[in-house]
Amino acid sequence: MNYTQNYQLNQWEAADRVQRTDFNADNAKLDAAIQAQADALAAERSVREAADQSIRMSLVKLAAGSYTGDGADSRTIHLGFTPKAVLLMLPDGKNGDDFSCYGGFAVQGSPAVYTITYLEIVENGFHLTQGYREGRYNYPNHQGIKYNYIAFA
């Protein structure tokens, strides 16, 4: 009897007596080889998924958008992620004047303050607070005014 080169499977000659134990031994070798290949593919898939996750986590999330103020004293803009920084501006690029504030810049742990905290980062977005204090107006949600923002995570 002869054997295959790679897996040493039985190769019977015409005069050889075929036995069940030979078939069982060959099937066990094939099963082990197929399982080893499946295990190797699963391990490679796991390594690739971990690498993909690492890459996704290192990418900067970015959201840019706009909203129109509804006049409420308090409002949260939901982004679907918690930003590290938010820049809020009017469409003309201004943030306000000597007596009024319409936009600004906030980072985690350091909200935008103009006599009151008017723009702060919260879980999954940013929070706006309107108000008047010390002769200054804060209007990050003034009725009918369009605001643009960009948020980074």
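Reply: One aromatic cluster is formed by Tyr 67, Phe 126, Tyr 147 and Tyr 149. The model is a predicted one, and the count of aromatic pairs in it comes to 7.

One of these pairs is Tyr 67 with Tyr 149, with 6.4 Å from centre to centre and 35° between the planes. The centres lie within the 6.5 Å cut-off for a pair, and planes count as stacked under 30 degrees and as edge-to-face over 60, so this pair at 35° is classed as tilted. Tyr 67 belongs to strand 3 and Tyr 149 to strand 13 (residues 146-152). The two residues are 82 residues apart, and the pair links distant parts of the chain. Both Tyr 67 and Tyr 149 are buried.

Tyr 149 also pairs with Phe 126, here edge-to-face, with 5.2 Å between the centres and 65° between the planes. Phe 126 sits in strand 10 (residues 125-129) and Tyr 149 in strand 13, so this contact ties together parts 23 residues apart in sequence. Phe 126 is buried, as is Tyr 149.

Val 60, Leu 62 and Phe 152 make up the patch, which covers about 290 Å². Val 60 is in the loop between helix 1 (20-58) and strand 3 (62-68). Its relative accessible area is 61%, so Val 60 is exposed, whereas Tyr 67 and Tyr 149 are buried.

Conventions. Residues are numbered from 1 along each chain as its sequence is written. This is a predicted model: local features need pLDDT of at least 70, side-chain atom pairs count only at pLDDT 80 or more; totals for chains, interfaces and linings use all residues. Side-chain values use heavy atoms; hydrogens and water are left out. Patches are made of residues with over 30% relative accessible area and no salt bridge: like charges are joined within 9 Å, nonpolar side chains (Val, Leu, Ile, Met, Phe, Trp, Tyr) within 5 Å. Accessible areas come from the Shrake-Rupley method with a 1.4 Å probe; for residues, only the protein chains shown count as cover. A salt bridge is a side-chain nitrogen of Lys or Arg within 4 Å of a carboxyl oxygen of Asp or Glu. Helices (H or I, at least four residues) and strands (E, at least two) are DSSP runs, numbered from the N terminus. Buried means under 20% relative accessible area, exposed over 50%, partly exposed in between (1.4 Å probe, protein chains only). Rings of Phe, Tyr and Trp (its six-membered ring) pair if their centres lie within 6.5 Å; planes under 30 degrees apart count as stacked, over 60 as edge-to-face and the rest as tilted.
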